[in-house]
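Thanks for coming. I have one structure for today, so let me put it on the screen and go through it.

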Amino acid sequence: MEPVEIAAGRFQLRPWNEHDVDVIAGALADELIVHRPPVPEDEDPHAWLAAREQRWASGEGPSFAVMDAVSGEVHGHVALWKVSPQWRTAEVGYWTLKSSRGRGVARHGVGALTRWAFGALELHRLELRHAVANSASCAVANASGYALEGVLRGCLTGFGEEFTDVHLHARLATDT
């Protein structure tokens, strides 16, 4: 999979690069940004960046910095993971830097990523999961057209506790 840039209105999605190491370090240290599943590279911004580059190369999942389209300032992250061309599915993940929360970064980023995944990658179903208690992520999912399909009880680690209940949202390419 070749890295691409995606227009997202006032934001732009672009692959992460070595100039973003300080931003990545700040995000990895932010207690409100939960990386799931937690992996060793979450401790080192250089390893985190290398893992994202590998996921692009393998087709496992593209990862984007969400930046201001004019200034270039990075505000957040959106990514696909568990991409399955065979099943035409993937999961969506995202986070927003503390200084940029409440400004529509995640909503714009998820929207642009979704349109790209359905168009360029020809995926059919995208899933988005978040801890039930995370009302901000629920709002992003709803605003991005992801229907709430249910609660997955005690299904995931990495949301601050060993197991927690998770909302499962999904969007199909055929949804309007």
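The accessible surface of the chain is about 9000 Å², and carbon and sulfur atoms hold 52% of that surface. Keep in mind that this is a predicted model. As for the interior, 49% of the 176 residues count as buried.

Now the overall layout. There are four helices and eight strands in the chain. Along the sequence they come in the order β-β-α-α-β-β-β-α-β-α-β-β. The radius of gyration is 15 Å, close to the 16 Å that the globule rule gives for 176 residues, so the chain is as compact as a globular protein of that length. Taken along the principal axes, the box filled by the C-alpha atoms is roughly 40 × 35 × 30 Å. On contacts: of those with a separation of 6 or more, 57% are between residues 24 or more positions apart.

Next, a helix pair. In general, two packed helices are described by the angle between their axes and the distance between the axes. At what angle do H1 and H2 pack? Helix H1, residues 21–29, and helix H2, residues 45–58, pack at about 105 degrees, and their axes are 9 Å apart. Angles of 65 to 115 degrees count as roughly perpendicular, so H1 is roughly perpendicular to H2. On the H1 side the contact is made by Val 21, Ile 24, Ala 25 and Leu 28, and on the H2 side by Pro 45, His 46, Trp 48 and Leu 49. By class, the residues of this contact are seven nonpolar, one polar and no charged.

Staying in helix H2 for a moment, Gln 54 sits there too. Is Gln 54 buried, partly exposed or exposed? Its relative accessibility is 48%, so Gln 54 counts as partly exposed. Between Gln 54 and Gly 72 there are 24 Å from C-alpha to C-alpha, for a sequence separation of 18 residues.

Now to a strand. Val 66 belongs to strand E3, residues 63–68. With a relative accessibility of 1%, Val 66 counts as buried, because the cut-off for buried is under 20%. What does Val 66 touch, beyond its neighbours within four places in sequence? The contacts of Val 66 include Phe 11, Gln 12 and Leu 13, then Glu 73 and the run Val 74, His 75, Gly 76, His 77 and Val 78, and also Val 105 and Gly 109. Val 66 and Tyr 94 are 28 residues apart in sequence, with 9.6 Å between their C-alpha atoms.

Tyr 94 comes up again with Ser 137. Leaving out residues up to four places away in sequence, Ser 137 touches Tyr 94 and His 130. Ser 137 itself is in helix H4, residues 135–143. Its relative accessibility is 11%, and therefore Ser 137 counts as buried.

Lys 82 is not a glycine, yet its phi is positive, at about 55 degrees. Lys 82 is in strand E4, residues 74–84. Glu 122, also a residue other than glycine, has a positive phi near 55 degrees. Where does Glu 122 lie? Glu 122 is in the loop between helix H3, 105–119, and strand E6, 125–131. At 55% relative accessibility, Glu 122 counts as exposed.

That is what I have; I will take questions now.

Key: Residues are numbered from 1 along each chain as its sequence is written. This is a predicted model: local features need pLDDT of at least 70, side-chain atom pairs count only at pLDDT 80 or more; totals for chains, interfaces and linings use all residues. Side-chain values use heavy atoms; hydrogens and water are left out. Axes are lines fitted to C-alpha atoms, for helices over the stretch in contact, and angles run from 0 to 180 degrees between N-to-C directions. Helices (H or I, at least four residues) and strands (E, at least two) are DSSP runs, numbered from the N terminus. Angles under 35 degrees count as roughly parallel, over 145 as roughly antiparallel, 65 to 115 as roughly perpendicular and the rest as oblique. Contact means heavy atoms within 4.5 Å. Ala, Val, Leu, Ile, Met, Phe, Trp, Tyr, Cys and Pro count as nonpolar, Asp, Glu, Lys and Arg as charged, and the others, Gly among them, as polar. The radius of gyration is taken over C-alpha atoms; the globule rule is 2.2 Å times the number of residues to the power 0.38. Buried means under 20% relative accessible area, exposed over 50%, partly exposed in between (1.4 Å probe, protein chains only). Accessible areas come from the Shrake-Rupley method with a 1.4 Å probe; for residues, only the protein chains shown count as cover.
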